Amino acid sequence: MTWNFTPDRPIYLQLQEQIKLAIISGLHPPGGKLPAVRELAEEASVNPNTVQRALTELERDGLVYANRTSGRFVTEETKVIEKTKSEMAMELVEAFLSKMASIGYDRKETAAMIANTRGKEVQDHGNS
């Protein structure tokens, strides 16, 4: 997994988001074992305590659970994963709409632009 961090937000939050994204995208499937804290820390070049904090937050969210003797696993409750996926998608949509508004497009204009783009995509695939 490639880790990308920005200086504007705490690393543990960015780790949490990136692991969450790996879970909702299926990179870490339901019931799958996550790498150990030290392994993740080494891979991401961060302190193990930072990884521990991110994983603790994911446990609190219900996406991850710990088994004392064998590590951490992704929840098998697919409804929790789907809910998280929807929430992340909504956050992205709201951020996109906010950016579009900042350059002068309202929601209706933005939706029309997306519909037009989608039509071009279908046409492009049809011409291949």
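A residue is called buried when its relative accessible area is under 20%, exposed when that area is over 50%, and partly exposed in between, with a 1.4 Å probe and protein chains only. By that scheme Leu13, which lies in helix 1, counts as partly exposed because its relative accessibility is 29%. The structure is a predicted model, in which local features need pLDDT of at least 70 and side-chain atom pairs count only at pLDDT 80 or more, while totals for chains, interfaces and linings use all residues. Residues are numbered from 1 along each chain as its sequence is written, and side-chain values use heavy atoms, with hydrogens and water left out.

Helices are DSSP runs of H or I with at least four residues, strands are runs of E with at least two, and both are numbered from the N terminus. Ahead of helix 1 lies a segment that includes Thr2, a residue that counts as exposed because its relative accessibility is 61%. Thr2 and Ala111 are 109 residues apart along the chain, and their C-alpha atoms are separated by 33 Å.

Helix 1 covers residues 11-24, and Gln18 is found in it. With a relative accessibility of 16%, Gln18 counts as buried. If residues up to four places away in sequence are not counted, Gln18 touches Met1, Thr2, Trp3, Asn4 and Phe5, where contact means heavy atoms within 4.5 Å. For Leu13, also in helix 1, the C-alpha distance to Ser86 is 19 Å, across 73 residues of sequence.

The packing of the helices can be followed pair by pair. Two packed helices are described by the angle between their axes and the distance between the axes. The axes are lines fitted to C-alpha atoms, for helices over the stretch in contact, and the angles run from 0 to 180 degrees between N-to-C directions. Angles under 35 degrees count as roughly parallel, over 145 as roughly antiparallel, 65 to 115 as roughly perpendicular, and the rest as oblique. A crossing is left-handed if the near helix is turned anticlockwise from the far one by less than a right angle, and right-handed if clockwise.

Helix 1 and helix 3 have axes that come within 8 Å and cross at roughly 55°, which makes helix 1 oblique to helix 3. Their crossing is right-handed. From helix 1 the contact draws on Ile11, Tyr12, Leu15, Gln16, Ile19 and Lys20, and from helix 3 on Thr50, Val51, Arg53, Ala54, Leu55, Glu57, Leu58 and Asp61. Sorted by class, this contact has eight nonpolar, two polar and four charged residues; here Ala, Val, Leu, Ile, Met, Phe, Trp, Tyr, Cys and Pro count as nonpolar, Asp, Glu, Lys and Arg as charged, and the others, Gly among them, as polar. Arg53 of helix 3 counts as partly exposed because its relative accessibility is 45%. Arg53 and Ile11 are 42 residues apart in sequence, yet 9.9 Å apart in space, C-alpha to C-alpha.

Helix 2 (residues 37-44) packs on helix 3 (residues 48-61) at an angle of about 115°, with the axes 8 Å apart, which makes helix 2 roughly perpendicular to helix 3. This crossing is right-handed. Val37, Arg38, Leu40 and Ala41 of helix 2 make the contact with Pro48, Val51, Gln52 and Leu55 of helix 3, and these residues divide into six nonpolar, one polar and one charged. The loop between helix 2 and helix 3 holds Ser45, which counts as exposed because its relative accessibility is 66%. Most residues other than glycine have a negative phi, and most peptide bonds are trans. Ser45, however, has a positive phi, near 60°.

Helix 4 runs over residues 78-102, and its 25 residues should span 36 Å at 1.5 Å a residue, which agrees with the 36 Å between its end C-alpha atoms; the expected span is 1.5 Å times one less than the number of residues. The buried residues of helix 4 are Val80, Ile81, Thr84, Met88, Leu97 and Met100. The axes of helix 1 and helix 4 come within 10 Å and cross at roughly 120°, which makes helix 1 oblique to helix 4. The crossing of this pair is left-handed. Glu17, Lys20, Leu21, Ile23 and Ile24 in helix 1 meet Ile81, Thr84, Lys85 and Met88 in helix 4, a contact of five nonpolar, one polar and three charged residues. Just after helix 4, Gly104 takes a positive phi of about 100°.
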